[in-house]
Every structure is written in C-alpha cells, then in structure tokens.
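Reader: I'm new to this one and could use a hand. Can you walk me through it, one feature at a time?

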Amino acid sequence: MKILLVEDQILFGSGLQQKLQAEYGMDVDYTPDPHEALSRLETSAFDVVIADLLLITVQQEAGARYLHGAKQLDDRFLQTSGLAVLAASQDAKRPTGPGHTEPKRAGRVVLTSAEGERMCHLAFAYQTLKVRCFCAKDLRPRPGETRAEWELVQAIKAAADGRHYESGSVTVQLPEERKESFFDALFAGPSWGRIWQALALGRTSIPGIAATADRSEGLVRREIIQMHENLSRVDPGRGGSERKSGRAGSRTERLITVAQFAGEFRKYFLDKTVQGYAERKFQR
Amino acid sequence: VTASLPSNDMSVFDHLALGDPGQEQSAIRRLVNRLEGVALLVQAIWIYITVRADDLDATGTAILLVAAGAHLAAAAASAWTDGPSARGGPWMAAWIGAAFIVPPLMANLIPYGTYGNTASCVQLCGYPVPLIVMIAFYPWLQSTVILARRLATPMIMTGLLLMPLLVIAATHDRMRPENWVSWVSTILSYIAAFILGQAIAIICKRAIAGITTAYRGAFDYFTQIVHSNVNAALAAARDPLAVGDVDGMTAALDQLQRDIRKKRAEGARALRSTVPVSDIIVDAADLHGAWIEHLEYPRAGGISVSGRVAVVIDLTLAGLLSNAHKHARGTHVKITCEHDSLEVRIGVVDQGRGFDGSGLDQPGTNLNYLRTESRKVGGDLRVHPQEGETRLELVVPFRPNILEVEPDR
C-alpha cells in the first residue's frame, strides 16, 4: 500500500514512516512540507494520503512576521495547511496494477492533535472536503484497553476501504451531523472572506476592517450583523448579549463577538484553501 | 480578578489582547463611549434641577427645558447606537466643539438675572460640559503621545479653573459677589469631580495590575511545568542505570503534555467569554474517565457556552463519570451531546449496572447538589432509566437564565 504522509514535526513524522514501513510493510512517502506534498500528488499516485492539519512551514513563519503593521490584505497572509493536501487529494487516483483494489480514489486520513483551536479546520475537512477518517495523534491506549491493532493502521485501512474511522478524541471536536456546514454559514456573502481575514488580522473597528478588506464601511457594518446572525445559528452559545439574555446585543457587541471568533480561529480564516473555496463559491 | 470584572468590560480587555496597533486607543474610546450616555443623562438631570431650583421666568424655563430634552434624547440615542467616541475620526469634533461652544452659549442664553434668579444654572447649565468632556478624554489623552500625556493634567486643570471665570466675566458688565460665589462653588464641584475621577483611575489601575500579576504568575507556573517535566524526561533519557528509559521519558512527556494542555485551556478560558463544549468534555474525560475501558465520545465541535454554564457542565460531568465508576462499576460509558438554538443537553449513559437516580431529590447527595447548581443557571439534571442502561442528562441554556426555572421538577 502506497502512503503519502504530511506531518510538520519531523521527529514524529519520520518515526511514523519507519514504523509503518517496518512493521506493516507499507510504502510511505513522507514530507513535512505541504507544498512538496502537493507536487508529489501531481506526479505520483497514492492509496492513502495522511495529513496533519496545522503545519508550520517557512512560508507560515514569514507570513506571521509580516502580519505586524500591515494594513492591506495580501496573499502572504494566507497559509497553506493540511487542508490544501486533503483538497488536492480529493479526486486523486490510486496506483493501478496488482495489489491495488477498489475504490479507485485515494483514501484520506486526518492525523490531528484534536485540540479546540482546530475545530474549524476539522469541520472544513469533514463537511466540505468530505474526509471520513480522523485519527488522533495521541496514540496512547487507554488504561485497561487492549487494541488488536495500532489506531493509525486501523484508520489507514478504513480509508483504503472507503469506510469511516474516528478516534474518540477527534469525534468530540467534529460538528454534529447537520444540514448547514460551518463553511457555508461563515462564508455566506461574497465579501465575507475578506472581512474575516481583516478581523483575523486584528482589525476590530469598522473603519479598520473596511480599509483592510477594501470594502465600504456601510457594507462592512451590514455584513457584520449578518455574519453574527449566522455565527449564532451554528454556535448559539456565541449569539446573544452578555447582559441581556436572548437578545442579539448592540452592534458593538456583535462586532466584538465576531472579532473574538475570528481571533480564536485566526489560522482558519487565514488559510489559503478555505479562502480559495470561499472565493470560488461566489465565482460560480 | 478576571472573574470579578463585569462581562461587558471583558470585551475591552479582549480588544487589548488582540494586539492590533492602535487597539488600545480604540478600546479606551469604546470604554469612554459607555460613559457618554451617562454624562448626557447627568447633564439633562442637572438642567432639570436648575429649572426646579431657580426662580426663572417662562422664557428661561423654556430654553432650559429644551436643553434638558435635547440631552435626554441624546442619552437615549447613545443606548442603541455608537456615540462620537466609538465612531472616532471627525466625530470626535462633536465633543470638543461642545466643550468650547456650550458654556459661552449657555451663559449668553441665560445671562445672570435676565430671565430671573439663575443661581443654580451657573454651575449646572453649561459649565459642567467641559468638565465632563475633559474627564471623558482624560484616559484617551493619557494613552496618546508622551507630550500630550504630560500636558493633559495641567491643561485640563487650567481650563477648568479659568473657563467659568472667563465666561462669567465676558457675559457680565461687572463681577458681583454672586458671580464670585458661583465661580468658587463651580470650582469646588470640579475639584470634587476630579478627586472622584482620580479615585476611579486608581481602582482601574489596581484592577489591571491584579490581572497582570495573575497572568505573570500563570506564565511562571507554566514555564516551571515545562522546565521540570523536560528535566524529568532528560533525566530518564540519561539515566546511567537504565540507558534509554523510554517508559520513563514517555511518562514524563505524557505528564508534560497533559499539564500544558490544561494550562492552555485555562489561559484560553480566562481570555474568552465562551468555552467550547468539546474542550469541557475532553478535560472531564481525561480527569475523571481515564479508568473507563470503553468511553464513547459525542460530536460536540463548534458549540460553546458561557463561562458560568461551563463550570456547571464541568462539575456535572466530573460527578457523573465518578458516579459511574463508584456506584455503577460501568466499563462502557457513553457521553452524549445534543443542542438546539436555546439549550445544550449533555448526557452520561452507563451501560453497566446503571446509576442510582434517586439521589437527585435527596438533599445532601452529590447528584442533588449538581441538580441545584444546574438550576441556578436555568437548567436541570434529569434521569432517564432505560432497559439495560441508565442515562443522566444535564440540560443547560447556552447562557445563564435564558430558560425560566420551574419551581420543582
């Protein structure tokens, strides 16, 4: 079985590569760089693609330094994460020949530490990219638990067979099954991508957001109200006023709620894949 | 210290925490914005007191009532829309203009004695405006360039002392004893307000110092944890008697990971006004469900609750998971989580012997305590006995008091 593994922590990634090769006889192609993974996906076919979500790359560090003091949106802000690899491998074909069976599309596994800050990335992978195999990085067995097989291997086999797999600690971070996806709710307007970016960059006043997103103040003011409404719909805990139960709160309170959300999930709103999907959504 | 701050002020600190250049001024402007409505209301009340206290004729009364009504309307407007301070830019001129225009305007409209005896009006009608404006701008000036910070206090004090005198002198042919009395009483009221303002500033500074100390303490503790656990892992790696003690290193690093995760969660909770439900479940399962052989997690990503409700969920999950261990001897426990637009329902299903739900109504039991706590935020704890399993379910609103608490359920 041919595997592509993308994991930015080299010690962990190369350890996985050796273990999967030595103990399970898999052919593992490992890279810590998502850009390198994207070019390998263009040139080679894989049975399963395993990707970590948040990847620290040279480009990401340079972008983080550039954030300070910048007033206009720029491609340098946008980061390439594991979502880019998962998106690129969505329709990737498998190797052909002996030993390779149906389905014909490559399986995908998200390998994640499943902490709260990855919630939006996980929701995007599940709801938008339709990934169905999620494996926790914390591969310790629970006390008293005997596993017949290493958890990651179970996830790889499930992905290869087109089955679902979820580690318990990742399940808890995934959204409930629902009709409306987080992505659709959070990017419901053509300008929302730019407004979220401006908010994620720390702009929290209407003039500041408008200047950074290159949109009029009136438009930003109107869109923020709608963004707050959609955010309250997918996460009712964030809606409402702090002081007045059941009420939406003042315009300032709504702006602060939306800004806090953008700050918490800054990496999601500055993700190249997410913003690319948002842009294409309104080009169609 | 953070917990004792009013929730609406947390947003100001959240702004400060975002670290945008100029964010501090913006945050202070928003804080000042909250005071604008109060200042306008106070001004309206003062003018109304003047109307009642002074022996004015009909014209004087009409002028002042119009002025009081205008201030009242502006105060009402500020309750639902941003004022000049929050809007910034050219809007700031509204306040500055008011500071310089209103006193002479009022003094000319109500010259001493023209429309009757206006003793109260001298202090109350127009002259407090610069005081209010300057007090409102004081923190803003303090956060700007160093020169403005140094000049702010003497400039404000000089302005406060001289402006009423100049206005009175300019609008009266000859200073009379009543004018001097009103000037002195005006200055005294300014000084009292200034002392009050300084006292408020000291309280704010102390609160901020308390927060800073708390964060510094948390940071020190955090670095200590990292330091001691990394040392333990290194010691295990270098142990001459057990070269490459992988188990020892793993245990030390596991502990480090747990500690860091816990501190990160605590830090995030201190800064945010809401807590992700998934984080609460993971933390409770780590701390109280580690012994359970098969612990099934729910999907809970993307929903969050207020800090007060988070504490109730935390307490309840800890209690129910411990309960499943002590009384039910459950080896297969399932946590469930569902929500709608008003409430979140978190259940613990024990597929072993089952919970004893009778404790819910017995004062003094842990289950009864948990039910009482859940009801304090407008929720409830219920038991659902089913065949082969028992389900205890906590129902809580996303924020306290959204749901009405029924007297006895």
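Author: Let's begin with the sheet in chain A: 6 strands form an open sheet in the order β2-β1-β3-β4-β5-β6, with parallel pairing. A strand here is a DSSP run of E, at least two residues long, a helix is a run of H or I of at least four, and both are numbered from the N terminus. Two strands pair if DSSP finds at least two bridges between them.

Reader: Which strands stand at the edges?

Author: Those are β2 (27–31) and β6 (165–166) of chain A; each has a single partner strand, so one side of each lacks a neighbour in the sheet.

Author: Before going on, note that this is a predicted model, where local features need pLDDT of at least 70, side-chain atom pairs count only at pLDDT 80 or more, and totals for chains, interfaces and linings use all residues. Residues are numbered from 1 along each chain as its sequence is written, chains are lettered from A and ligands numbered from 1 in the order in which they are written, and side-chain values use heavy atoms, with hydrogens and water left out.

Reader: How many bridges join β1 to β3 in chain A?

Author: There are 4 bridges between β1 (residues 2–6) and β3 (residues 48–51) of chain A, and the two strands run parallel.

Reader: At what angle do α10 and α11 of chain A pack?

Author: Helices α10 (residues 206–213) and α11 (residues 217–234) of chain A meet at about 110 degrees, their axes 9 Å apart. That makes α10(A) roughly perpendicular to α11(A), a label for angles of 65 to 115 degrees. Residues making the contact include Ile206(A) and Pro207(A) from α10(A), and Val220(A) and Ile224(A) from α11(A).

Reader: What about chain B: how many helices and strands are there?

Author: Chain B has 13 helices and 9 strands. Buried means under 20% relative accessible area (1.4 Å probe, protein chains only), and 42% of the 409 residues of chain B count as buried.

Notes: Buried < 20%, exposed > 50% of the residue type's maximum accessible area, 1.4 Å probe, protein only. Axes fitted to C-alpha atoms, helices over the stretch in contact; angles between N-to-C directions. Parallel < 35°, antiparallel > 145°, perpendicular 65-115°, else oblique. Contact = heavy atoms within 4.5 Å.
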